[in-house]
Amino acid sequence: DSAESAPLYVGDAEVLLSNIKSYAQRMKTVNSNGTDLAAWLSEPPAVGQVWHPSLTTREHYDLMKRKEGGYGGLLSFVLKAPKKTPKVYDALCLSKGPSFGTNFTLVCPYVLLAHYTELEWAESCGVSRHLIRLSVGLEDPEALWQRLDRALAAF
């Protein structure tokens, strides 16, 4: 099969090499930003619950993570008023998308994307259809928080 034997394109190899060289520093920033954002999201009265290892399973996570590791940049939250979720989501001045691991923050309605045809099942497992997932990037955490705070305060 030609796909198995195709050589790595030199441009892709250069990007991979660049990314590898800066990976440790990028992850340090993402870990810090994720922890900061999770803590901030725990405070607004509009937020019902936040899921991030630094808040929910820290003692278990600490047993597994590297000594110099962090809690990651992936977190989820739900609002106390779930019907406001679409308006808050639309008001978030963040890139929308279902991926993670980019240098910039992405937000998505994860359960709606991943389980659209089985929302009742997801909710029977304790996962709200109104869950918002954030994949935190390298931006200034204060700027991220201001964007979230504006969207939450608008409704």
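1. Ser76 counts as buried, because its relative accessibility is 13%, where buried means under 20% relative accessible area, exposed over 50% and partly exposed in between, with a 1.4 Å probe and protein chains only. Ser76 lies in strand E2, residues 74–79, and leaving aside residues up to four places away in sequence, Ser76 touches Gln49, Val50, Trp51, Leu131, Ile132 and Arg133 (contact means heavy atoms within 4.5 Å).

2. This is a predicted model, in which local features need pLDDT of at least 70 and side-chain atom pairs count only at pLDDT 80 or more, while totals for chains, interfaces and linings use all residues. Residues are numbered from 1 along each chain as its sequence is written, and side-chain values use heavy atoms, with hydrogens and water left out.

3. Helices (H or I, at least four residues) and strands (E, at least two) are DSSP runs, numbered from the N terminus. In helix H8, residues 141–153, the buried residues are Pro141, Leu144, Trp145, Leu148, Ala151 and Leu152. They cover an arc of only 130 degrees around the axis, which puts them on the same side of H8; the arc is that of the directions from the helix axis to the C-beta atoms. An α-helix has 3.6 residues a turn, so residues three or four places apart point the same way.

4. On the other side of H8, Arg150 and Ala153 are exposed, whereas the cover over the buried residues of H8 includes helix H2 (10–41), strand E1 (47–51), E2, helix H5 (85–91) and strand E5 (132–135).

5. Leu16, placed in helix H2, is partly exposed, with a relative accessible area of 46%.

Definitions and conventions: Expected span 1.5 Å × (residues − 1).
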